[in-house]
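Have the sequence and the structure open as you read.

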Amino acid sequence: MRKVRIIEQISLDGVIQAPGGRDEDGDYPHGGWAMPFCDPTVLEAIVAAQGQKFDLLLGRRTYDIFAGYWPKVEGGPFAKGLNDATKYVATHRPESLRWGPVKDLGADIIEGVRGVKAKDGPDVIVWGSSTLTSGLLERGLVDEVLLLVCPVLLGHGKRFFSDRADPRELALVRTQAAASGVLMNTYRYVGPLRTESPAGVGK
């Protein structure tokens with residue numbers, strides 16, 4: 001069984017929308033907010049996290065954004081990795097998928113992801129895809145999360161974890177700071193949230 005690993009550029013207030021360009025996601029006013037912080041350390045960490053061989057798991061919106069840009073980029077390990085990867089896409093319009101190699105996840109997206117995980121092959125990387133990531137985390141289908149925390153507050157936008165999702169616990173397994181101020185935190189999935197009162201309270 002292969003692993004599903006999420007990589008997200010995220011603001012201090014949890015927003016992951018349109019980090020890569022001003023026109024990346026329609027009329028979102030803060031598009032490109034992560035780019036000023038992508039120094040060599042951050043880029044090296046992303047390439048290392050993806051590995052030399054990987055597949056992609058994407059929501060339809062993120063797939064369309066990537067498909068409009070990355071096929072035009074030549075050279076470099078990051079672009080080559082994305083273009084060569086098999087893209088598994090959550091979509092109701094599989095006939096319109098053009099950036100390949102590509103496969104749709106089928107009508108039942110969660111069962112589709114389970115099927116992808118059960119196959120032999122490289123690890124599967126999830127970028128963006130805020131609706132998809134919430135569903136995967138809720139069902140314990142995520143093995144690892146790399147959050148590239150940028151020192152910005154955006155106020156509004158699509159968030160990493162939806163308000164409707166069940167609380168979850170993750171374990172911090174690795175952290176690194178870049179000179180640009182980005183914190184690169186790697187987490188592994190633990191399970192449902194645990195709660196308790198401070199020792200001695202109420203006694």
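## A pair around arginine 61

Arginine 61 is partly exposed, with 42% relative accessible area. Here buried means under 20% relative accessible area, exposed means over 50%, and partly exposed is in between (1.4 Å probe, protein chains only). The model is a predicted one, in which local features need pLDDT of at least 70, side-chain atom pairs count only at pLDDT 80 or more, and totals for chains, interfaces and linings use all residues. Residues are numbered from 1 along each chain as its sequence is written, and side-chain values use heavy atoms, with hydrogens and water left out.

Which residue does arginine 61 form a salt bridge with? The partner is aspartate 25, and the closest N and O atoms are 2.9 Å apart. A salt bridge is a side-chain nitrogen of Lys or Arg within 4 Å of a carboxyl oxygen of Asp or Glu. The two residues link distant parts of the chain, 36 residues apart: arginine 61 sits in helix α2 (residues 60-67), and aspartate 25 in the loop between β1 and α1 (40-50). Helices (H or I, at least four residues) and strands (E, at least two) are DSSP runs, numbered from the N terminus. Aspartate 25 counts as buried, at 11% relative accessibility.

## Arginine 194 and glutamate 169

Another salt bridge brings together the side chains of arginine 194 and glutamate 169, at 2.6 Å from N to O. Glutamate 169 belongs to strand β7 (residues 168-177) and arginine 194 to the segment after β8 (183-192), so this pair ties together parts that are 25 residues apart in sequence. Arginine 194 is exposed, with a relative accessible area of 65%, whereas glutamate 169 counts as buried at 17%.

Salt bridges with shared partners also join Arg5, Asp123, Glu144 and Arg188 into one network.

## Inside the network

Arginine 5 forms a salt bridge with glutamate 144, with 4.0 Å between the closest N and O atoms. Arginine 5 is in strand β1 (residues 4-10) and glutamate 144 in strand β6 (residues 144-149), so the pair ties together parts that are 139 residues apart in sequence. Both arginine 5 and glutamate 144 are buried. In total, the structure holds twelve salt bridges.

## Helix α5

How many of the nine residues of helix α5 are buried? Seven are, so this helix (residues 130-138) is mostly covered. Among the buried residues are Ser130, Leu132, Gly135 and Leu137. Just after α5, glycine 140 takes a positive phi of about 65°.
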